[in-house]
Every structure is written in C-alpha cells, then in structure tokens.
Amino acid sequence: GSPRWRLFFQRLTIKSMNLIKAILSSVGRKYIMATTGLALAAFVFVHLLGNLQLFLGADALNKYAVLLKSNFAILWGYRLGLGAIALVHIVVALSLWVENRAARPVKYVVNTYPYADFASKMMVLGGVAIFFFVIWHVLDLTAGAIRPELTEAKTMLGDKEVTDVYHIVLKGIGHPIAGFFYLVATCFLALHLWHGLESLLQSLGLRNSTYQLYIRLAARAAVIFLFAGMSLIPIVCMLGILK
C-alpha cells in the first residue's frame with residue numbers, strides 16, 4: 001500500500017490500542033460499571049411501574065403483559081440486550097473487586113474509611129444474592145420451569161385467550177416461601193442501589209459539592225420508593241388482599 005494508507009492504519013491501530021487500554025483500566029471499568037448499573041437501575045424502576053398495574057386489576061396487568069409480548073423481535077432483543085448489560089456489569093464488578101482484594105490482601109486493623117456504611121459493605125454479597133434471585137425468578141414465573149402449573153394459567157381478554165399474568169403473580173408470589181424470598185431480595189436490591197446510585201454518579205462525574213446533597217436525597221428517595229413498591233407486592237399477595 002501507499003505510505004499514506006500505511007500511516008493511516010498505523011494511527012488507527014495506535015488509537016484503537018489506546019482506547020482498549022483506557023477501557024481496561026480501573027477508571028475505564030468503573031465508568032463501564034456505572035453506565036451498565038444505571039441502565040439496570042432504569043430497567044428495575046420501569047419494571048416496578050409495570051408491575052404496580054397489579055393494583056389496577058387483572059385486565060390492566062394482563063393487557064400490559066400482552067403488549068410486552070406483542071412483538072417477538074423487540075421482546076427478545078430487549079431481553080438479550082438486558083442480559084448482555086447485566087453480564088458486562090457483573091464481570092467488570094468482579095474484576096474490580098478481585099483487583100482491589102489483590103492490592104490490599106490484609107484487612108486494615110483500624111477502619112480508615114468511616115464513610116463506608118453498611119450498604120457499601122454489602123455490595124458484593126448483595127450483587128450475588130440478586131443474581132441468583134433473578135435466575136430463580138425467571139425460571140419460576142417467566143419460564144415456568146419450577147412451578148409449571150402457574151404459567152399454564154389462561155384467561156379471556158376480550159375475545160382472545162391469553163396467559164393469566166395476574167393469576168401468576170398472585171399465586172406465585174403469594175406463596176409464603178416465595179413471598180419471603182421476594183422480600184429478602186428486595187432488601188438486597190435496595191441496599192445495592194442505595195450505595196450504587198451514589199457511586200455511579202460519582203464515577204460518571206455527575207456529583208459535585210454544589211449538588212451533592214440534592215443528588216444524594218434524590219437517589220435515596222428513588223430507592224425508598226422502589227423498596228416500598230417492591231415490598232408491597234409480595235405483602236398484599238401473601239395476605240390475600242387482592243383477588
């Protein structure tokens with residue numbers, strides 16, 4: 001090739017290598033973990049708003065479920081995309097945790113990080129608990145691999161027979177053992193987001209001394225809303241308040 005093209009590819013290679021190094025650096029991985037965490041948090045809040053239609057009755061929730069499943073390509077593209085984001089978040093988080101442990105193999109005798117509250121200390125354990133809960137939740141109420149009799153429930157929506165998602169939620173989460181695990185998972189998720197939302201804002205450079213208090217209050221208000229909403233669903237299902 002001509003010297004001009006060789007020079008172009010050399011510069012492109014150098015820029016690509018520098019980009020890869022930046023991504024693989026601890027700062028780059030923290031940025032990736034923050035952006036993927038923000039995407040997952042957004043999904044959790046949207047998912048909660050959809051599930052709260054349970055309180056509007058069977059038709060409302062079943063219509064919402066039919067809408068979500070109406071386009072196969074969009075549904076599975078969304079699921080696969082969300083799964084990929086979650087996988088990247090987990091892998092990057094584990095790499096940073098292992099790196100941090102390797103850099104400090106012996107724990108400090110005196111805690112030099114007084115601001116490290118309970119939520120921050122529970123990030124790894126909470127992340128593992130949430131991971132296994134999500135797998136169980138998908139296998140149980142979505143795939144029907146654990147309790148197939150639940151997902152086989154059908155109902156009429158107008159003149160069309162559809163999956164009775166309202167029944168699946170009431171009976172599935174209303175079981176005392178299942179409901180208890182949902183409440184435990186909700187606690188882990190709230191703790192994870194309590195610390196995670198503040199951390200990701202700092203990693204993305206969106207936290208400064210001027211707005212720090214307001215950002216912290218907004219993040220914690222969002223987590224409290226999430227915890228209240230997600231806790232309310234298993235409680236009313238277990239108590240049999242909704243029919």
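Leaving aside its neighbours within four places in sequence, which residues is R147 in contact with? The residues are D140, L141, K171, G172, H175 and A178, where contact means heavy atoms within 4.5 Å.

## Basis of the description

The structure is a predicted model, in which local features need pLDDT of at least 70 and side-chain atom pairs count only at pLDDT 80 or more, while totals for chains, interfaces and linings use all residues. Residues are numbered from 1 along each chain as its sequence is written, and side-chain values use heavy atoms, with hydrogens and water left out.

## Overall form

The secondary structure of the protein comes to 10 helices and 2 strands, and from the N terminus on the elements run α-α-α-α-α-α-α-β-β-α-α-α. Helices (H or I, at least four residues) and strands (E, at least two) are DSSP runs, numbered from the N terminus. The C-alpha trace spans about 70 × 60 × 35 Å along its principal axes. The radius of gyration of the protein is 22 Å, whereas a compact globule of 243 residues would have one near 18 Å; the radius is taken over C-alpha atoms, and the globule rule is 2.2 Å times the number of residues to the power 0.38.

Of the 243 residues, 28% count as buried, a term that means under 20% relative accessible area, with exposed meaning over 50% and partly exposed in between (1.4 Å probe, protein chains only). The protein exposes about 15,900 Å², and carbon and sulfur atoms supply 71% of this area, as computed by the Shrake-Rupley method with a 1.4 Å probe. Among the contacts with a separation of 6 or more, 73% are between residues 24 or more positions apart.

## Helix 8 and its cover

Helix 8 (residues 165-174) is mostly covered, since 8 of its 10 residues are buried. These buried residues are V165, Y166, I168, V169, L170, G172, I173 and G174. What covers them includes helix 3 (58-68), helix 6 (123-142), helix 7 (148-151), strand 2 (160-163), helix 9 (176-203) and helix 10 (212-239).

## R147 in its loop

R147 is placed in the loop between helix 6 and helix 7, and with a relative accessible area of 16% it is buried. The side chain of R147 makes a polar contact of 2.5 Å with the side chain of D140. A polar contact is a pair of N or O atoms within 3.5 Å; within protein, one must be able to donate a hydrogen and the other to accept it, and residues adjacent in sequence count only if both atoms are side-chain atoms.

T36 lies in helix 2 (residues 26-51) and counts as buried because its relative accessibility is 10%. A polar atom of the side chain of T36 lies 3.1 Å from the backbone oxygen of M33, and T36 also touches I85, V88 and H89, not counting residues up to four places away in sequence.

In helix 9, F181 is partly exposed, with a relative accessible area of 44%. F181 is in contact with F133 and W136, leaving aside its neighbours within four places in sequence. Between F181 and F43, which are 138 residues apart in sequence, the C-alpha to C-alpha distance is 21 Å. G81, in helix 4 (residues 72-103), counts as partly exposed at 30% relative accessibility.
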